[in-house]
Amino acid sequence: MHFHPLMDRWKGRVALVTGASVGIGAATAKELVRFGMKVVGCARDVEKIKVCFKYNFIVTLFSSNHLT
């Protein structure tokens, strides 16, 4: 885990990241986890977000495909 003085205060807290399966959203989720945050990732494509979950970028996942 990397130490960053500005991010240390967020360690252990929960962040909700939308668009977490690709691009900026995925990069943000990955960095927040690196800094010790618990990340809930939301995305439209459940298969893409499962990849992030598999590699521990995200601790909980949610896809709009689950909405009924």
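## Val-33 and the basis of the model

Val-33 has its place in helix H1.

The model is predicted: local features need pLDDT of at least 70 and side-chain atom pairs count only at pLDDT 80 or more, while totals for chains, interfaces and linings use all residues. Residues are numbered from 1 along each chain as its sequence is written, and side-chain values use heavy atoms, with hydrogens and water left out.

## Fold and surface

The protein chain contains two helices and three strands, arranged along the sequence as β-α-β-α-β. These elements are DSSP runs numbered from the N terminus, with at least four residues for helices (H or I) and at least two for strands (E).

Of the 68 residues in the protein chain, 31% are buried. The accessible surface of the chain comes to about 4800 Å², and carbon and sulfur atoms hold 61% of that area; accessible areas come from the Shrake-Rupley method with a 1.4 Å probe, and for residues only the protein chains shown count as cover. Among contacts with a separation of 6 or more, 41% join residues 24 or more positions apart, a contact being heavy atoms within 4.5 Å.

## Strand pairing and crossover

Strand E1 (residues 14-18) pairs with strand E2 (residues 38-43) in the parallel sense over five bridges; pairing requires that DSSP find at least two bridges between two strands. Val-14 stands opposite Lys-38 in E2. From E1 the chain crosses through helix H1 (residues 23-34) to E2, in a right-handed β-α-β crossover. Right-handed here denotes a clockwise path from the first strand over the helix to the second, with the strands pointing away from the viewer.

## Nonpolar core

The largest nonpolar core has eleven residues: Met-7, Ala-15, Val-17, Ala-20, Ala-29, Leu-32, Phe-35, Met-37, Val-39, Ala-43 and Ile-49. E1, H1 and E2 are the elements that give two or more residues to this core. Such a core is a set of buried Ala, Val, Leu, Ile, Met, Phe, Trp, Tyr and Cys residues joined through side-chain atoms within 4.5 Å.

Val-17 lies in strand E1 and is buried, with a relative accessible area of 6%. Beyond residues up to four places away in sequence, Val-17 touches Gly-25, Thr-28, Ala-29, Leu-32, Val-39, Val-40, Gly-41 and Cys-42. Val-17 and Val-39 are 22 residues apart in sequence and 7.0 Å apart in space, C-alpha to C-alpha.

## A buried loop serine

Ser-21 lies in the loop between E1 and H1 and is buried, at a relative accessible area of 14%. With neighbours within four places in sequence set aside, Ser-21 is in contact with Ala-26, Ala-43, Asp-45, Lys-48, Ile-49 and Cys-52.

## Salt bridges

The whole structure holds two salt bridges, each defined by a side-chain nitrogen of Lys or Arg within 4 Å of a carboxyl oxygen of Asp or Glu. Asp-8 forms one with Lys-11, the closest N and O atoms being 3.4 Å apart. Asp-8 is partly exposed at 34% relative accessible area, and Lys-11 is partly exposed at 46%.

Glu-31 and Arg-34 meet in a salt bridge at 2.6 Å, N to O. Because they are three residues apart in helix H1, these two are separated by about one helical turn. Glu-31 is partly exposed at 33%, as is Arg-34 at 29%.

Key
Buried < 20%, exposed > 50% of the residue type's maximum accessible area, 1.4 Å probe, protein only.
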